[in-house]
Each structure stands twice: as C-alpha cells, then as structure tokens.
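Student: I would like to learn how to read a protein model feature by feature. Could you walk me through this one?

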Amino acid sequence: MADEIRYEYKTVRAVRGTDNMVISKMQKDGWEFVERAQGTLRSSLDFRRPKKPVPWLLVGGASIVLVILAIVIGVAAALSGGGGKKDESGKSTAAASEKPSASPTPTPTPAGSAAGQVITPQNTPEFAALLKAESCGDANVKFAAGHKGETVAFDGSIVNMAPHGGYHTRYDLLLGPGDKGPKTAAGPAFKYDDVNVADLNLTGRKMPATVGEGDTFRFVAKVGEFNAVQCLFFLEPVSTEVR
C-alpha cells in the first residue's frame, strides 16, 4: 500500500547501568524504543523510526546536477591552464613579485593544552566543567574531539566492573568523578575497555591485590573517543593511584 509506513531499525548494545541514558539519547534523535534483551553484562536495545521517502524529482534531478557540475569543472580547468604570463627571465609574473613574508606571530597556547602537560580540573576550566556535565551532553563530544590523545588526571571511583567477554581476568571498568562509586550521578561515563589489573599501573602506599566497584583512585589516562550512542567516554589508563 502507498500509505504503508516503512521503518528503519537499529540495535544498540549498552553496558549494564547505562540503558536509560542510551534510550533517552536515541529518543531525542527520533528513534522509537521497541524491545530490550537483558544480558549478564550488556543489554541489546532495539529501536525503529519511519523511513523518510525520497521525492522522485530529487532522484532525477541529481543526475542533471552532476552533468552541470562536470561542465563547470571542465571550463574552469581550461581557463586555469592558460594563465600565468611570463616575464623576461622566464618566470611567472606571480612568482617574480613574491616577497618573503614576515614570520607569523605565535598563537598563544591555552592552559591545559601545552605539549606534555597533564590536564586537570585545576589547570583547565573546560575539564572541570566536563566532570560536572551530563554524561550524554555535547561537552563530552567537544572535549573528546579537542583533546584526543592528551592526558587527563582526576579523582574518581569505579562505578561498575564487569568481565570483558568470556574472560576471567580482563574487565570493562566504568569510572566516574568523585567518590560515590555505583551511586555516581553526575559527570561523564568514563570507560576502560578490555583491561586487566596490571594495565591500571597501580601506585600508592597501600597496593591492593585487586580492585572493585566503589574503590577510589587518582586516575591518569589518555583521552579516547566519545560514543554518542552509548554515552560512553573511552579512556586509556596511564596510572592509577590509590587514595
């Protein structure tokens, strides 16, 4: 039937404890929540939304636009090939008139982004604001894009700890700022993906044999990517100091 609604479907896997954040994010983007398959460590969330019909005039018009664009490019290439008059020395007049440019004035480097400097809430207001922001907010996207590969340090705790896949000694750790562990309600959902205890590079006077939910540390880590669908901010551990 011509009026029949056609849907596109998407399945998102969410880490335990982040289901509601993922559903809220998807619904804001126009997706309808359909079904949840609850696993031990992760949930599979199914969504759907109506497909947008493509007007036939746009489809037919696209080929016309491509033909016109090809003609314009060809004309531009032909015109550019005949330019550039030569002076008596055989060099183009444009090259003959070139003069050494003055050295550009160095652009001041903002605090917290200097090479080799560790970003903390104390030296970088942007990071301080991020630690208080909503876990799915745009602040996560902006910070991850602007500081990928740089090093951050903050006081935080383990919100959730689950085995990675079928392993018994490798884990997925969900971290949050502050000391509230599983009760953390503000800030990004930082994630260490597929790590063992040795990867954490534990330091401090009282070295634990293992770690668990609710433990508090001084995390030093490299900035990775932000997954806007799962609302997860990926980090790579550098060192983990017991507090």
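Tutor: Gladly! Let's begin with a pair of strands: S4 and S8 run antiparallel and are joined by 7 bridges. Keep in mind that this is a predicted model.

Student: Which residue of S8 stands opposite Ala 153?

Tutor: Ala 153 has Val 220 across from it in S8.

Student: What other strand pairs with S4, and over how many bridges?

Tutor: Strand S5, residues 171-177, pairs with S4 over 7 bridges, in the antiparallel sense. Here Pro 163 stands opposite Tyr 171 in S5.

Student: How many residues of S4 are buried?

Tutor: A residue counts as buried when its relative accessible area is under 20%. In strand S4, residues 151-163, that holds for 11 of the 13 residues, so the strand is largely enclosed by the rest of the structure. For the chain as a whole, 30% of the 243 residues count as buried.

Student: Could we step back to the overall layout?

Tutor: Of course. The chain has 5 helices and 9 strands. Their order along the sequence is β-α-β-β-α-α-α-α-β-β-β-β-β-β. As for surface, the chain exposes about 15,600 Å², and carbon and sulfur atoms supply 57% of that.

Student: In what order do the strands of the open sheet lie?

Tutor: The order is S1-S3-S2, with 3 strands and antiparallel pairing. S1 and S2 are the edge strands, each with a single partner, so one side of each has no neighbour in the sheet. On average, neighbouring strands of this sheet are turned by 20° against each other, direction ignored. Looking at one pairing in detail, S1 and S3 are antiparallel over 9 bridges, and Val 15 has Arg 42 as its bridge partner in S3.

Student: Now a helix, please. Which residues of H1 are buried?

Tutor: In H1, residues 19-28, the buried ones are Asp 19, Val 22, Ile 23 and Met 26. They sit on the same side of H1, because they cover an arc of only 100° around the axis. Asn 20 and Lys 28, on the other side of H1, are exposed.

Student: What covers the buried residues of H1?

Tutor: The cover includes strand S1 (7-15), strand S2 (32-38) and strand S3 (42-50). Just after H1 there is also a backbone detail to look for: Gly 30 takes a positive phi of about 95°.

Student: How many disulfides does a search of the whole structure find?

Tutor: The general idea comes first. A disulfide is a covalent bond between the sulfur atoms of two cysteines. In this structure the search finds 1. Cys 136 and Cys 231 form the disulfide, with their sulfur atoms 1.8 Å apart. Cys 136 is in the loop between H4 and helix H5 (138-147), and Cys 231 is in the loop between S8 and S9, so the pair ties together parts that are 95 residues apart in sequence. The link of Cys 136 and Cys 231 is right-handed, with 110° about the S-S bond.

Student: Are these two cysteines buried or exposed?

Tutor: Cys 136 is buried, with a relative accessible area of 12%. Cys 231 is buried too, at 0%.

Student: What is Gln 230 in contact with, leaving aside its neighbours within four places in sequence?

Tutor: Gln 230 is in contact with Val 12, Arg 13, Ala 14, Thr 18 and Val 22. Gln 230 is found in the loop between strand S8 (216-227) and strand S9 (232-242), and it counts as buried at 16% relative accessibility. Val 22 is also one of the buried residues of H1.

Student: Is Lys 191 buried or exposed?

Tutor: Lys 191 is buried, at 5% relative accessibility. This lysine lies in strand S6, residues 190-195. Not counting residues up to four places away in sequence, Lys 191 touches several residues, among them Val 15, Arg 42, Asp 172 and Phe 234.

Notes
Residues are numbered from 1 along each chain as its sequence is written. This is a predicted model: local features need pLDDT of at least 70, side-chain atom pairs count only at pLDDT 80 or more; totals for chains, interfaces and linings use all residues. Side-chain values use heavy atoms; hydrogens and water are left out. Buried means under 20% relative accessible area, exposed over 50%, partly exposed in between (1.4 Å probe, protein chains only). Helices (H or I, at least four residues) and strands (E, at least two) are DSSP runs, numbered from the N terminus. The arc is that of the directions from the helix axis to the C-beta atoms. Contact means heavy atoms within 4.5 Å. A disulfide is a pair of cysteine sulfur atoms within 2.5 Å. Accessible areas come from the Shrake-Rupley method with a 1.4 Å probe; for residues, only the protein chains shown count as cover. Two strands pair if DSSP finds at least two bridges between them. Axes are lines fitted to C-alpha atoms, for helices over the stretch in contact, and angles run from 0 to 180 degrees between N-to-C directions.
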